[in-house]
Amino acid sequence: MAKTITLEVVTPDRKVLAEEVEYVGAPGINGEFGVLPNHIPFLSALGIGSLYYKKDGKKRYVFVAGGFAEVSPTKVTVLAEVAERAEEIDLERARRAQERAEQRMRQQQEKVDHARVQAALARAMYRMKTRQQAASEGGI
Amino acid sequence: MASLRDIKNKITGVKKTKQITKAMNMVASAKLRGAQNRIERFRPYADKFYDILVDLASRVEPGVHPLLAKREVVETIGIVLVTSDKGLCGSFNANLCNAALRLAKQKEAEGKTVKFICIGKKGRDFIRKTSYEIVAQFPEHMNSFDFQLASEAGNLVIEGYLSGLFDEVHIVYGKFVSIVKQEPMAAQILPAQTESAEAVNGPKSEYIFEPSVEGLLAELLPRYVKVQVYRGLLDTSASEHAARMTAMDNATKNCDEMVGSLTLAFNKARQASITTQLMDIVGGAEALKG
């Protein structure tokens, strides 16, 4: 029985990663789910959040937004509109985005599209969280 | 015959033009490489996306999602026309516009109204001169665009479709076949076509879906529209650069040819003038001998 499963993360602009891993944890739209090798075929939409995988006993994090995952016994394919490895995340930019979003929320003007601002805020916060998680486990 | 100086000026002019066309050729080839890379990186995403969508769609009745269902009465057709912003790329834009116009005429002959969404300046300028209505336009974007543009245009298409502004949406774009071959391509975006699925329906692995198949489709279909628009954008942009490369290469060659023939004319004129001068001198000398 195979001990690893292939994880592939693809966005419209590039292939973010393709690796043999031991475990994948993904932010499903109905809550987080974990995938081990020989998982039963499974298809799920993903929320905004951090996806992580274990390789050689080490946890690594990837930020994903607006995607879905297809799981087969030997392979996990994640198609996302945005995906960044933790070490690629620009913390400064995320922080600025968060401030901007929060400011807009406070203004509460008519023309502000709340759903959009909220999504932007969530993205910024999860980006930072992903990065911090990775940092706290010495993954970077 | 033109004077020596006229010809000389013309030669200098043609040489300068040649420098420009050559530079444009090189710029286009550099940009083409970038655009080609982008397509190649995007294709795995698009293909996988399509596979999953087709698989999902084959499990449900088309009526389950409005973007999937064929409308019984089709009155208005939306055409998304993707062209470049700039000219000087041979017949590339003209071909695209004509293909779109043909499609529009054909639909009109079937008694349907046609409305356009134009991405790229050239197509918009062309459609403006026709009697068709332009619902939305995105000029000056082709130079640098990302998924955001496809997202915006895609949302427009979806909203238009759901609100009944369109009953069917097609996209016309320049398919990038190779550096020497680009062809206008028309494809239907909405209602989403997933019929080809039936043929490959073989033994299906049993999936667990989260949320339900319907929920997933509701997530995927809007994104699928954007993916198709994005593909159109990427292809058109690569085709544009390839077409410009070829056009500028031809222009450079033509410049060489012109310089050649002008130099010949210049030399002929020079010889002629020397001959006349000699005749004058000889004639003058003969007269003096008297």
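Some ground rules. This is a predicted model, where local features need pLDDT of at least 70 and side-chain atom pairs count only at pLDDT 80 or more, while totals for chains, interfaces and linings use all residues. Residues are numbered from 1 along each chain as its sequence is written, chains are lettered from A and ligands numbered from 1 in the order written, and side-chain values use heavy atoms, without hydrogens and water.

Cores first. A nonpolar core is a set of buried Ala, Val, Leu, Ile, Met, Phe, Trp, Tyr and Cys residues joined through side-chain atoms within 4.5 Å. Buried means under 20% relative accessible area, exposed over 50%, and partly exposed in between, with a 1.4 Å probe and protein chains only. The largest core has 60 residues. B:L56, B:V80, B:I119 and B:L233 have the most contacts inside it. Helix α5 of chain B, residues 213-289, gives the most to this core, with 15 residues. Helices here are DSSP runs of H or I, at least four residues, and strands are runs of E, at least two, numbered from the N terminus. Apart from that core lies another, of 22 residues, including A:L7 and A:F42.

Now the interface. The buried area is about 2100 Å², with 63% from carbon and sulfur atoms. That is the accessible area, 1.4 Å probe, that two parts lose on being put together, summed over both.

What links the chains by charge? There are 2 salt bridges between chain B and chain A. A salt bridge puts a side-chain nitrogen of Lys or Arg within 4 Å of a carboxyl oxygen of Asp or Glu. One joins B:R223 to A:E81, at 3.3 Å, N to O.

Over all chains, the search finds 23 salt bridges. Take A:R127 and A:E84, at 2.9 Å, N to O. A:R127 sits in helix α2 of chain A and A:E84 in strand β8 of chain A, so the pair ties together parts 43 residues apart in sequence. Both residues are buried.

Compare B:E286 and B:K289, at 3.8 Å, N to O. Both lie in helix α5 of chain B, 3 residues apart, about one turn. B:E286 is partly exposed, at 49%. B:K289 counts as exposed, at 68%. Finally, shared partners join A:R14, A:R85, A:E87 and A:E88 into one salt-bridge network.
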